[in-house]
Every structure is written in structure tokens, then in C-alpha cells.
Amino acid sequence: MTETQPGGTRHADGPFLMDVTALSQLLGALEAAGYQVIGPTVSDDAIILSELGSAAQLPFGWGVELAPGGYRIRQRSDTAAFGHSAGPQSWKQYLHPPREKMWSVDRSGGEFDVVPADEPAPRRAFVGVRPCDLSAIGIQDQVLGRGEHAGSRYAARRAGVFIVAVNCTEPGATCFCTSMGTGPEAGPGYDLALTELVSDTDHKFLVDIGSPAGADMLAQVPVTPAGDGTTGLARSAVAQAADQMGRSMPADALHGLMAGSYDAARWDDVAQRCLTCGNCTMACPTCFCTTVEDVSDLSGEHAERWQLWDSCFSLSFSYLPGGSIRSSDHSRYRQWLTHKLGTWHDQFGSSGCVGCGRCIVWCPVGIDLTEEVAALQAEARQAEAQQAEAQQAEAQQAEAQQAGSRTPGARAGGEQQ
Amino acid sequence: MARPKLAVWKLASCDGCQLTLLDCQDELLALAAEVDIVHFAEATKTDLPGPYDVSLVEGSVTTPDDAERVRRIREQSATLVTIGACATSGGIQALRNFADVAEFTAAVYARPDYIETLATSTAIADHVTVDFELRGCPIDKRQLLELITALLAGRKPQIPAHSVCFECKNRGNTCIMVAHGTPCLGPVTQAGCGAICPSYNRGCYGCFGPVANPNTASLIPQLARLGMSEIAIERVFSTFNVAAPGFSPDSRPARPGDA
Ligand code: SF4
Ligand code: SF4
Ligand code: SF4
């Protein structure tokens, strides 16, 4: 087997073809290798992420209808296992959990005994990671797992993860990964990437290898080299998906637009609708903000420090002595959007948005960031046009004045008329 | 060092919040080891005079007598904590605030002239300074223990003021408003219960009262779109926190269309 390509592009070997029974074998091989296998499954009328006991728990034949503030699962006409879009949760549930203990401390006599909470993280295999979510994991790696955070609890959990990505062939109504450059084909970072090929008579997966670990795992599963015909079919299904996004975003204009929109009137408009409930940030696969909570027991002999998800939408998040510095709904929505799409570039060298559409779907009142961006852009253009007009008028006026002062006769002539 | 003296008081209420303290079965002994419970009619005949280090006050002020009593409790208490929707917003009995109490007494009592009551049911904080409020109908056992523990340790209690949605996400719940179309007050309701109702596929009905600046004007039209009738919307806000700013009839848009 050859080396992983730098940047994790497709492995020289392959692609391979694997049928649906071999998918069960792949999951079995992962389990046998000591991985806790996590993947999509149907629960409570949604496709959630959960530990899978077997491949039979995958959502075969289930799809989703997505809309702002609305999510419904639906029976598909085929038996696809991965024919659905982003669900209510993301992989950050596992890599950056909502609650985690940082350390605890016990008092014995006059001494304190501090115990760091370094529980060994289970080695996990993520099965069915969509391209947008693979990018999101990459973004959280950058924020929570590199540089000064290389030794973090996040980094420890992340290190052992095996990723089986799935390329998208059927984007949802709220998807816009094409705009953000994160899909519909899985980018770097996977161990194996599947493209599902399902018809009335056949259910197969094209498999690309992205790492030596992926190659080793696939060696335990019956696969055949994929022919050019099937490979072409799979590649074009993914390529076609790029044109079927339900939403779009002017990705390259966003950094400047956010920087210039501080005083936009649109923030007041969205603040009328926003509940500041925080659902968008918690559903977002890249939002990483947390708060810290100290608790002690009744005896006062034992205390613990916990890290919990927080959100720029909560008032306490920006609480400083004297009050919250972002007390208006307007300022909190603005903080979220301008960080996500603008200052994230300055801070982490990329956009904070991967175009998964979760914040649109899981907003109880259906606030759609692509719509907000379009409105901010229209407002900026209008302001620009007005400014240009004003400048032009000013220039004309100045020119006329200049012309007037150069030919004194003209004014006199004007007065005579 | 003398152990702190804890007193539990009751005004107009159903006793449910006090019962939450008795409900702390496993922790009750540990608590009794840390404090002297000197007044708690629901649990003990002990009734020692003040001053008290901590007073927990359940219930709302509905009579001139209540108003006087709560002033005396305040005078005797170093720290006064109100517990439950009655004490923090007037409770379900604050429905009277939006009707004629004389009509009620006439309808209910054979001799309404025996009844001495105020026209309104009000929160304790409307009468005296309150050091901390615990929301809920009834309050949450974990929050009560956390508050008492924090007071004993002299640290900040971890009682977050964010929405119920935070607790839903914390538990990994799928949002039932979005995935099932079930109307839910979670986005405008303060956390504390642990998102019990949404966890059992039932919409939050707001028993922990409004978050700061609840945007009911935006949520109400969405509740209507999900099929809640005008009267159902009226009712869901007219329960244990009917008088709380944000939920009360005079502080939210009356009809979905008015938003
Ligand atoms: S945008 Fe939607 S999900 Fe986000 S805080 Fe506002 S109402 Fe909640
Ligand atoms: S901002 Fe919205 S669309 Fe973008 S990554 Fe987050 S949840 Fe997905
Ligand atoms: S079910 Fe209710 S409380 Fe839970 S996230 Fe949805 S709207 Fe919020």
C-alpha cells in the first residue's frame, strides 16, 4: 500500500467496489479492531448519530425533507443507507461533548488533591461522515486540537478516530456546501470514503482509500477493483450534486461584507425574529464556545470543574462586571454571524461555516443565514450606490462651481436671464 | 462554629416546592448534618425563633397578612431565597390579576364577606428584597441542592439563566418543535428542569417562567403555524407564570397576527 497523499487526496490504490453485505463486514472489522462504531440511525422520527451494534441499524431506505425550522424523515423509494443530509446532531457531540469534567479536587486535612479528568477516550469509528461535516471536524481540529491545544482533551479524543466519509449525491434543500467549498465530494481527512450506488437490483459502494489505516481496514473486507464505468458513474453522481444545492452563499465576498456591516439595519430586522435560544450554535458542527462551571458537594470536601457548551446567544456569555456587553438581541445575532463568516478567517484562516444548513433547519423560527447574508449584501450594495451617487453629485457641484469661478461672466450672464 | 440556621416558609402555595426539599431523600441527611432546620412546618414541629441564616420562601402574597409576614421574615433572614413560580411570579393564582377577585370570591365562597384578600397575587420580590430566586412549578431538586450547597460554601450558585433549548441540546435531544412540529415554549423559557417535557416528546409549557427578554412576539406566530389555536396559545401562557413579564397578557402580543 502506498503512502497517504499529502492533504489526504485519494489513495493511489483503488477505487474499489464493495457490496452492501461487505458494508456490514466493514463495520464488524472496525468493531473487532476495537473501535466503538458511531453512525446514523433512526430514532424518534429523526436520523441521529448513535453507537451502532450492527449495520442493520443504519437508516436504510430513509431520507429527509429539510426546510427552515422544519425537518421530517421520509421513506425513500430506494434502500440507500446514506441518502439523507445533516441531522440534528453533528460529530462534535463526540469530539467536543456538551458537558465534560475538567478536573476534581478533594480536601484531606489541610491538603488538596487535584485529580485531572483524563478518562481514556474510547477509540471511535465515525461511519457516514458527510463532506461538510468532515470539513467541520477539520475546523474544530484547528481551533481545539492544534498549536497550544495539541495536548487538549479534544486532541486525545480526536487522535484515535477512524473516519468513513460518504460523498453526497443528493443534497438537501438547506445545503450549500458547494458555495463553501466543502462538498459534495469529501475533502482531506478521511480514512475511507464511500459513494453509494443504489438501484432496484443493485446496492454497492465505490470506496476510496484516504490513509494507510483505511487501506488496512479495507483489506479485511471483500472488495473488487472498480471498473472505469462504475467509477465514472459514481463520480458524475457526486459532480451533479454540486449543482443541486438548495441554498447558496457568496463565499468569497463574506469576509468583507461582514466587516462592513457593523451598522447594517438588517440586524434590527433579524433581531425581531431571533429568539436568542442558542439552537443554531449548538447544532452547528463548528461552533465551539464553552463556559466553565465549578461545583462542590454539601460537605465542602469535594469540588469539580466542568466545561459546558455555551453560546454567544446567551446573556451570561458576555457577562462582565456590571452586566452583559451584548445585551441586545441585535448584537448577539450580529456577533454570531460576523464571527462565523467574517472574523473566523482572521482568527483561524478559514470560514467558520461549512454549509451544512443545520442552523437553518434547527432554528425554531427558521432564520436562514443565507437569506440574512443576501439581505446584508443588498443593503451594502444600496449604501454603496447611494454613496457613489452622492460622490458624483458632489463632484458635479464642485466642477460647476469651479467652472463658475473661472468665467466670472457666466454668473453675471446667469443673473441677467 | 454554630451551624447555619435554615427556615422554610410558606405563603399562598400548594406546598409542592417544600416537598421538593423532602424529596431530596439521599441528600437530606447530609443537609441536616450541615444546617439546623429551625422552621419547616411540612417536616417538623421544631419552631425556633430567628434570626435565620437562610430562609426559603414558598408562595405568593395574596393577603394583607402575607405582605406583613414576608416583611417580618425578611427582617429576620440574612439570606432570603424565593422558591417556585408562586414566590417568583405570583403563581397560577395570579390569574386573578387579570380578572375581578370579588367575582371569584362570590362564586366560590358561601360567605364571601369572611374572605379578606388582595386584588392581586404577587411575587415576594414585589414586597421585599430577594437575594436569589429559584424558578419552577415545582422547583428542581438538583437546583435546590446546588443553591443550598453554594450558599453554605459561599460560592456562586450554578443556576443558568439561558433557555430550555440549551438543556435539550445538552441531553442530545432532537428538537421536537422542528422534527415533529410540536409547539414548544422552550426557546422563551428559562432552563432548570433539564428539559423534561421535550425529552418525553411533549412541548415545554413554560413552568420555569420567561428568560430575560423573551421574544414571544416571534415565537407566538410560529406556535400558530404549528397548529396551536389562539385559545391554546392564550392558555399555555396563562399558567404558573401568568403574571411574569413576557408571559403576562399585557406583555405579549395578544393574537398571532399582532406580532
Ligand atoms: S437564529 Fe434561530 S436558533 Fe439561533 S438563536 Fe435565533 S431563534 Fe434561536
Ligand atoms: S453556520 Fe449553519 S450552515 Fe454553517 S456550518 Fe454552522 S450550522 Fe452549518
Ligand atoms: S424541543 Fe423545545 S426546548 Fe427543546 S430545543 Fe426544541 S424548542 Fe427548544
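His330(A) lies in helix 11 of chain A, a helix that covers residues 329-348. Helices here are DSSP runs of H or I with at least four residues, strands are runs of E with at least two, and both are numbered from the N terminus. In this predicted model, local features need pLDDT of at least 70, side-chain atom pairs count only at pLDDT 80 or more, and totals for chains, interfaces and linings use all residues. Residues are numbered from 1 along each chain as its sequence is written, chains are lettered from A and ligands numbered from 1 in the order in which they are written, and side-chain values use heavy atoms, with hydrogens and water left out.

Which residues does His330(A) touch, leaving out those up to four places away in sequence? They are Trp267(A), Asp268(A) and Ala271(A), where a contact means heavy atoms within 4.5 Å. Gln272(A) is 58 residues from His330(A) along the chain, and their C-alpha atoms are separated by 8.3 Å.

Let us stay in chain A and visit another helix. Thr370(A) belongs to helix 13 (residues 369-406). Is Thr370(A) buried or exposed? With 9% relative accessibility, Thr370(A) counts as buried; buried means under 20% relative accessible area, exposed over 50%, and partly exposed in between, using a 1.4 Å probe and protein chains only. Beyond residues up to four places away in sequence, Thr370(A) touches Phe176(A), Arg247(A), Ser248(A), Met249(A) and Ile360(A).

Now for a residue in a strand of chain B. Val81(B) sits in strand 4, which spans residues 77-83. Its relative accessibility is 0%, so Val81(B) counts as buried. Among the residues that Val81(B) touches, not counting those up to four places away in sequence, are Ser55(B), Leu56(B) and Val57(B), along with Phe132(B), Leu147(B) and Leu151(B). Asp131(B) is 50 residues from Val81(B) in sequence, yet the two are 5.8 Å apart in space, C-alpha to C-alpha.

Chain A has 14 helices and 16 strands, while chain B has 11 helices and five strands. The radius of gyration of chain B is 19 Å, close to the 18 Å that the globule rule gives for 259 residues, so chain B is as compact as a globular protein of that length. This radius is taken over C-alpha atoms, and the rule is 2.2 Å times the number of residues to the power 0.38.

| Chain | Box filled by C-alpha atoms, along the principal axes |
|---|---|
| Chain A | roughly 100 × 75 × 40 Å |
| Chain B | roughly 60 × 50 × 25 Å |

Of the 417 residues of chain A, 50% count as buried; for the 259 residues of chain B, the share is 53%. Contacts between residues at least 6 apart in sequence tell us about the fold too. In chain A, 69% of them join residues at least 24 apart, and in chain B, 72% do.

Finally, where does ligand 3 lie? Ligand 3 is found between chains A and B. Its surroundings include Asn279(A) from one chain and, from the other, Cys165(B), Cys168(B), Cys175(B) and Cys184(B); a residue is near a molecule if one of its heavy atoms lies within 4 Å of it. Helix 7 of chain B (residues 164-171) gives the most to this shell, with three residues.
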